[in-house]
Amino acid sequence: MLLFRSEETVRAWCQANGIPVRPLVNLEQLWHLAVTWYGNRLTAESRRPSADEMAGIFAGIGLEAPFWDPQADVWNTGAL
Amino acid sequence: MDFDTTVKLNIYATIAEQARVPGAVGVAQALDAPLEEVLAAFERLHQVRLLVPEPGDPLHIRMAPPFSGVKTPFPVRVGGKLYYANCVWDALGIPAALRADALVESSDGFSEEPLFLEVRDGQPVPQDCVIHFAVPAARWWQDIIYT
């Protein structure tokens, strides 16, 4: 997963690498994921979220397409 | 506390304090434990996706997410220390894990123009940027180093 200045450079990178343009994430959404995944990583209790927990975390910040389903076998390419 | 948790905490404490990812030999020495037991713990921690051994070299750790055992395009400055993250998600994961302000000295994935992210007082400072996930969630761990 990579960082880009704009949707324009995302498109350019995808074209250059022959990769479909996927749904985009904004900085606030990414911060939420970072805190949820890693906020207690230095503690004894830390663990990676289960697949069901992951789906709920993604849905909670508006990431609900099959692309975000950790158990899906089909994915939307999304559209910018 | 079980042995795997002890190993995990030693790995992360070493990273947080020294800004370097330890290897199995260092963890075994620090815990005064047999190397074979530490390697077995590494494998179990890998199975629950809390670390990734270096491919072909189980003595070394490639990833202890969000930290990277090798230099990456996602250097993260926290205080006077320099860490490396595995991806942009993990770059924000480092200040989240350390609960500290941070500066991610990254760049645009296509143009390579410098593109820094700052976390201050527990929040990212607004920045014009977007994040692109090339791999669907269900496939992230099929090749986590690429992801």
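In what order do the elements of chain A run from the N terminus on? The order is β-α-β-α-α, which comes to 3 helices and 2 strands. Helices (H or I, at least four residues) and strands (E, at least two) are DSSP runs, numbered from the N terminus.

The model is predicted: local features need pLDDT of at least 70, side-chain atom pairs count only at pLDDT 80 or more, and totals for chains, interfaces and linings use all residues. Residues are numbered from 1 along each chain as its sequence is written, while chains are lettered from A and ligands numbered from 1 in the order in which they are written.

Chain A has 80 residues, of which 26% count as buried (20 or more other C-beta atoms within 10 Å of the residue's own, with C-beta atoms placed from the backbone). Two residues are in contact if their C-beta atoms, placed from the backbone, lie within 7 Å. Among the contacts in chain A between residues at least 6 apart in sequence, 37% join residues at least 24 apart.

Between the chains, 40 residues of chain A are in contact with 36 residues of chain B. The following elements of chain B each supply at least two residues of the side that touches chain A.

| Element of chain B | Residues |
|---|---|
| α1 | 3-18 |
| α4 | 88-98 |
| β9 | 130-132 |

With 6 residues, α4(B) gives the most to that side.

The two chains also share strand pairing (at least two DSSP bridges between the strands). Strand β2 of chain A (residues 24-25) pairs with β9(B) in the antiparallel sense over 2 bridges, and B:I131 in β9(B) is the bridge partner of A:V25.

Technical notes: A residue is buried if 20 or more other C-beta atoms lie within 10 Å of its own, exposed if 12 or fewer, and partly exposed in between; C-beta atoms are placed from the backbone.
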